[in-house]
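Subject: Handing over a structure for you to look at

Hi there,

I am passing this structure on to you, with the sequence and the 3D view just below. After that come my notes on what turned up in it.

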Amino acid sequence: MVLFLLGLAGLGCAAGDGETALPPPGLAADIQPLLDRNCVDACHGGAAPSGELDLSPGRAYDALVGMASVQAPDLLRVASGDPDGSYLVAKLEGRQAAAGGSGTGMPPAFVLSSGEIAAVRAWIAAGAAE
């Protein structure tokens, strides 16, 4: 995880002599494991996902990227390239009310680490690739 986060710090930087540019973070490899641990098993998976938001592997991308938020219809859940304009980030950071939404921050029982939130932000900033 530490190496992944250190790699995120280099996003947007050109590779120097002899260095290889890191690929942008992707949903399947980098974000889905975070969703599985913190969202899918608790609420957003299975036969009846909470809020009809299924974040299970193979379904999360279509449920998030470019989809209007139910709680803040003027915002997309994930706006590719715009983490500050993505309702998912507002929910993870606990600022959903300030973003024009409602409900509690996510996940409701605890707060994600700053590194986990940074990973989601980096994924969105890099274009929210599948």
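The protein chain has five helices and zero strands, where helices (H or I, at least four residues) and strands (E, at least two) are DSSP runs numbered from the N terminus. Along the sequence the pattern reads α-α-α-α-α.

Before going further, please note that this is a predicted model, in which local features need pLDDT of at least 70 and side-chain atom pairs count only at pLDDT 80 or more, while totals for chains, interfaces and linings use all residues. Residues are numbered from 1 along each chain as its sequence is written, and side-chain values use heavy atoms, with hydrogens and water left out.

**The chain as a whole**

Of the 130 residues of the protein chain, 39% count as buried; buried means under 20% relative accessible area, exposed over 50%, and partly exposed in between (1.4 Å probe, protein chains only). The accessible surface of the chain comes to about 7,100 Å², and 58% of that belongs to carbon and sulfur atoms. These areas come from the Shrake-Rupley method with a 1.4 Å probe, and for residues only the protein chains shown count as cover. Among contacts with a separation of 6 or more, 47% are between residues 24 or more positions apart, a contact being heavy atoms within 4.5 Å.

**The core**

In soluble globular proteins, nonpolar side chains tend to be buried together. Here the largest nonpolar core has 23 residues, and Ile31, Leu35, Leu55, Leu64, Val78, Val120 and Trp123 touch the most other members. Such a core is a set of buried Ala, Val, Leu, Ile, Met, Phe, Trp, Tyr and Cys residues joined through side-chain atoms within 4.5 Å. At least two residues of this core come from each of H2, H3, H4 and H5, and H2 supplies the largest share, six residues.

**A cavity and a pocket**

Both were searched for on a 1 Å grid over the protein atoms alone: a cavity is a set of points where a 1.4 Å probe fits but cannot get out, a pocket is an open set with protein on both sides within 12 Å along at least five of seven lines, and lining residues have an atom within 4 Å of a point. Grid points are joined across faces, edges and corners, and a volume is the space filled by probe spheres set on the points.

The structure holds one cavity of 30 Å³ or more, and the largest cavity has a volume of about 30 Å³. Its lining consists of Ile31, Leu34, Leu35, Cys39, Leu88, Leu92 and Val120. H2 gives the most to this lining, with four residues. By type, the lining residues are seven nonpolar, no polar and no charged. For this count, Ala, Val, Leu, Ile, Met, Phe, Trp, Tyr, Cys and Pro are nonpolar, Asp, Glu, Lys and Arg are charged, and the others, Gly among them, are polar.

The largest pocket contains about 440 Å³ of space. It is lined by 22 residues, and those closest to its centre are His44, Leu53, Gln71, Lys91 and Met106. Helix H2 (27–40) and helix H4 (87–93) are the elements that give two or more residues to this lining, with the largest share, four residues, coming from H4. The pocket lining divides into 14 nonpolar, six polar and two charged residues.

**Backbone details**

Most residues other than glycine have a negative phi, and most peptide bonds are trans. Met106 and Pro107 are joined by a cis peptide bond, with omega about -15°. Pro107 sits in the loop between H4 and helix H5 (114–125).

Glu52, in the loop between H2 and helix H3 (60–64), has a positive phi near 55°. Glu52 is exposed, at 76% relative accessible area. Ala128, in the segment after H5, also has a positive phi, of about 55°, but Ala128 is buried at 0% relative accessibility.

Which residue is separated by 6.8 Å from Ala128, C-alpha to C-alpha? That is Gly26, 102 residues away along the chain. Gly26 lies in the loop between helix H1 (2–9) and H2 and is buried, with a relative accessible area of 13%. Not counting residues up to four places away in sequence, Gly26 touches Ile31, Trp123, Ala129 and Glu130.

Enjoy exploring!

Best wishes
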